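Dear colleague,

I am handing over the structure below, together with some notes on what turned up when I went through it. Please read the notes with the structure open beside them.

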Amino acid sequence: MAQIDMAQIEIRNLHKSFKDDAVLKGLSLSVDKGEIVTLFGPSGTGKTVLLRLLAGIHPQDAGTIFLRGRDATGSPPDKRGIGMAFQNFALFPHMTARDNIASALTARKTDAGEIARKVERVAQLLKIGHVLGHSPRELSNGQKQRTALARALVADPDILLLDDPLRNVDAKLRYEMRLELPALLKRVGSTVVYVTQDFKEAMALGDRVAVLLDGRIAQCDTPARIYAEPVNVGVARLFGDPTLNLIEVAPQLVDGAPEIRLGGAAIRLPASYAAAAGSPCLLGLRPEGLRLVDGPAPGAIAVDLVAVTPLNEKSVLLLTMQGGEELLASEAGDRDEPRRPGPAHVAIDPDTLLLFERESGRRFIPAENGKGGS
Amino acid sequence: MDRNSTIERVLRAVLLTLIVIFFLFPIVWILLMSFQTNEQILRIPPSLSFVPTLENYKALISGHLLTSAGSLDIAFMRNLGNSVLLSTCAVVLALILGVPAAYAFARFKFWLSEDIAFTLLSFRFAPPLLVLLPLSLYFQELGLDDTYTGLIWVYQLIALPLILWIVRGYFEDISPDIENAYRIAGHSWLRTFFKIAVPLAGPGIAAAGLLSFIFCWNNFVFALVLASADKQPVTVGALAFVTASGIQYGQVAAAIVLSVTPTLLLALYAQRWLVEGLSLGAVKG
Amino acid sequence: MTSQPIDEPVRVVDRRPVEWLPYLLSLPALLVCIGILIPFVTALYYSALRFRLNLPALKGFIWFGNYTNLLYDSEFWNTVSISLRYTAITVGVELVFGLVIALLLQRQTRLNNLISVLLLLPLMTAPAIASLMWKLMTNPNFGILSYLVSLAGVSDFRWASSPSTALFTVVLVDVWVYTPFMMVLLLAGLRSLPPQPFEAAALDGVPRLFVFFRITLPMLSPYIITASLFRLLDAIQQFDIIYAMTQGGPGNTLLVFQVRAYLEFYQYTNVGKSAALLVVLWMITYVLSHFFIKNWLRLRERSHASA
């Protein structure tokens, strides 16, 4: 079969069920050579299942997986030339760390000297050279995780699957690794699919973020675009801390411009949203897009500041509007004067505003050049 | 628990002593008997002080018995050899057949798997004669009657269910991801089985093997039905020995000692796994 | 959220070229299964025949004839009676005795562990040989037990030779061999009980007998039931001990099921009757083993969950 000019990993319409539970429902994704794609989604949605299908551990019910341009169906895990690191490390308890790592090389009939060299090299890279002689029982979680990574990397695989490798590692180490990993992965140059449940990790590590929702990839985009241009409410809700505010609104055309009523105030929407008038919508307001202003102003909503939660780099403000609805706003945490509860006014930054169709949840894409659409 | 009054402690000690005496006395007594001559045995009242003799063992091992009526040939050593041969071969065969099967039952859920597993388990509780008596008629037709091969195959009925159910548990306890990781590292299914699954289930396999050996050795009815004199293991052989005429009691005792020593030693060696083996893998000691 | 643990390793039928692998691996087990089922079905078939090995010409179908004959056979009811009595007495005694020993050895001390290992030795001897040992010890001429009993004033206690004491003798051997089995399982059960209820009871000053009957026993019941059913299943089909001791005698006092079936087959060559007896016994054990397997599986789940 001629090699089609495809992405390094090409997944087409993948279906997988376990005992009447459909996990993957027609999932498609492509990953280019050398790209790092983070696979993100709430727990239990099938991210690990997808990795296992890519590795060949389970067969899919329907759909195709192409690896390096060739259909991988029927190919067992030992023939796929992949490196994989598991969430629970899956180290071989009866072997030393060195032998664990070397296991990825012993299958390929490399000579002993070459194996030793490669193991040393990758161990130095991951800073576990000093514990190579230990058994997994004697390693700390961080060392186990690095050993598992080393095992995945040592054979220089061109495809790397990482299943939430930082999950079982303590917070401090997780933070360090989050800084080190991107550089490490880029240096190695493999095509990487990295599963995580932490949206910050997903955005920090990935060239693109693939959001797995409801058995499919809802959106696969750069981190910036995922955040600023989510394809639907489900995706928008997954990113951001605190999560974005969602309020039911019904935009109307007033004097030819779209307008919504919010908390007693009339807020003018950018003209590019004109086509949304008349349909029930959900307004998405990112907390960092809400600014407290000094006094009433056009476009500002009267609110009551109920509580302030100071976190290190920011403060989260709990506001209630006239109708009793709550809003969360966030602002930089380095104020001279702490805010005090009481009446206030809040303005919306139109650039961070998101509008969704209420029924389908899809984001309403503002028109360019006066043309509307969704 | 910790509310030990002196009366309780004394009572407990007395009870335990009586219990230990009850259970160990027969073994000790027979052991002593095996070092006595007929005169010493028949002496009334029995006495604990005597000059031990190795005559009984010498007679058994050499195969010649000196009785009041003359010399008698005793083939008891042959019975001992039969026990060793039958039990060892049966266990080795059961391990070869049973360990991969246990793996299949642990890792795969396939058609008939639970049925096979439970049929083998339920046979453990069915009356053996129900199967053995018709089997003996079949064996006569097949020419397997009174052969080592036939017996070793039949002994699988004892060893296989045990090995299957104990080793299956050990395989189930290994996280599948460990095997997956080895396969992804580039190794075939077969190498993964031998290098990862089997070593990690090692203790269970050893336990099952030792226990199967003990149960095969102690078996009586299988050999009674399917073996004739020269292939009988010690369990049947000892009985025949006792009922033969002109036997000296010291030699009977010595024969008993030789019959039980291997299993007793193995049991002491494998004591850690006895609870698990006895409960067929249900209770971990 | 979906109810199943998606992110955990899952075992799934592998539908790829290697899908014949599990069948290949378990082929021997399947063959052994078939090797059991064929004679089993044959036994069922024989039980419906009039079949004597020494009169092969008379072989013929009589359907339930053997079974109805059994019902009218007083020997059969004797077999039932003696088997049930043997079972009830041995299992009852072994359960109580085993529980007492387990309670005495509960604390994990070196002495207790040593004793519990020593007490396992009778269980590891072949029951047939255990019978021989006791036969020697009860020999009227030189048996130590005969001597001791005569010291106690009872002269001419005939142990297994007398119909009135034969059952007692074999029960004694059975108790000697199998009590350690009860002890081992109950001890494992006792040691696996969580300490909290007992600590709480101690703090509350609950009397110990109450603790034993209302806390210990109920928590121990899975082990008690499993162990008892295990022994019930073995006791009702006991062969080795009785055959080695008296071959079912004296007379017909010890003709339990399997011994009787064996003698019918070999002494009277009545294959049909022997098969019918064994099928009846099998039906009893089949029902019992159903209960047993359920309890046994429950214990197995428990010990694998905590592994």
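This is a predicted model: local features need pLDDT of at least 70, side-chain atom pairs count only at pLDDT 80 or more; totals for chains, interfaces and linings use all residues.

I begin with chain B and chain C. Between them, 98 residues of chain B are in contact with 92 residues of chain C, and together the two chains bury about 9100 Å², of which 79% is on carbon and sulfur atoms. Of the area that chain B buries against chain C, B:F23, B:F125 and B:L130 supply 9%, which is more than any other three residues. As for the polar side of this interface, the rule finds 11 residue pairs in polar contact across it, with both residues at pLDDT 80 or more, and the count of salt bridges between the two chains is three. On the side of chain B that touches chain C, helix α1 (residues 6-33) of chain B gives the most, with 15 residues. A salt bridge also joins C:R300 to B:E172, where the closest N and O atoms are 3.7 Å apart.

A nonpolar surface patch of about 800 Å² is made by B:Y138, B:L142, C:W20, C:L24, C:L27, C:L31, C:I34 and C:I38. Two elements give two or more residues to this patch, namely α6 (128-142) of chain B and α2 (27-47) of chain C, and α2 of chain C gives the most, with four residues.

With a relative accessibility of 8%, B:Q36 counts as buried, and, leaving aside residues up to four places away in sequence, B:Q36 touches B:I41, B:S47, B:F50, B:T53, B:N56 and B:G250.

Turning to charge pairs, a search of the whole structure finds 38 salt bridges over all chains. One of them pairs A:D158 with A:R68, the closest N and O atoms being 2.7 Å apart. Because A:D158 lies in the loop between α4 (141-153) and β7 (159-163) of chain A, while A:R68 lies in the loop between β4 (62-67) and β5 (70-71) of that chain, the pair ties together parts that are 90 residues apart in sequence. A:D158 is partly exposed at 26% relative accessibility, and A:R68 is likewise partly exposed, with a relative accessible area of 26%.

Another salt bridge in chain A links A:E176 and A:K172, with 3.2 Å between the closest N and O atoms. These residues are four apart in helix α5 (residues 171-188) of chain A, and therefore about one helical turn separates them. Here A:E176 is partly exposed at 31% relative accessibility, whereas A:K172 is exposed, with a relative accessible area of 61%.

Two further items complete the notes. A:E259, which counts as buried at 16% relative accessibility, forms a salt bridge with A:R268, the closest N and O atoms being 3.9 Å apart. In chain B, a network of salt bridges links B:R78, B:D146, B:D230 and B:K231.

With kind regards

Methods. Residues are numbered from 1 along each chain as its sequence is written. Chains are lettered from A and ligands numbered from 1 in the order in which they are written. Side-chain values use heavy atoms; hydrogens and water are left out. Patches are made of residues with over 30% relative accessible area and no salt bridge: like charges are joined within 9 Å, nonpolar side chains (Val, Leu, Ile, Met, Phe, Trp, Tyr) within 5 Å. Accessible areas come from the Shrake-Rupley method with a 1.4 Å probe; for residues, only the protein chains shown count as cover. A salt bridge is a side-chain nitrogen of Lys or Arg within 4 Å of a carboxyl oxygen of Asp or Glu. Contact means heavy atoms within 4.5 Å. Buried area is the accessible area (1.4 Å probe) that two parts lose on being put together, summed over both. A polar contact is a pair of N or O atoms within 3.5 Å; within protein, one must be able to donate a hydrogen and the other to accept it, and residues adjacent in sequence count only if both atoms are side-chain atoms. Buried means under 20% relative accessible area, exposed over 50%, partly exposed in between (1.4 Å probe, protein chains only).
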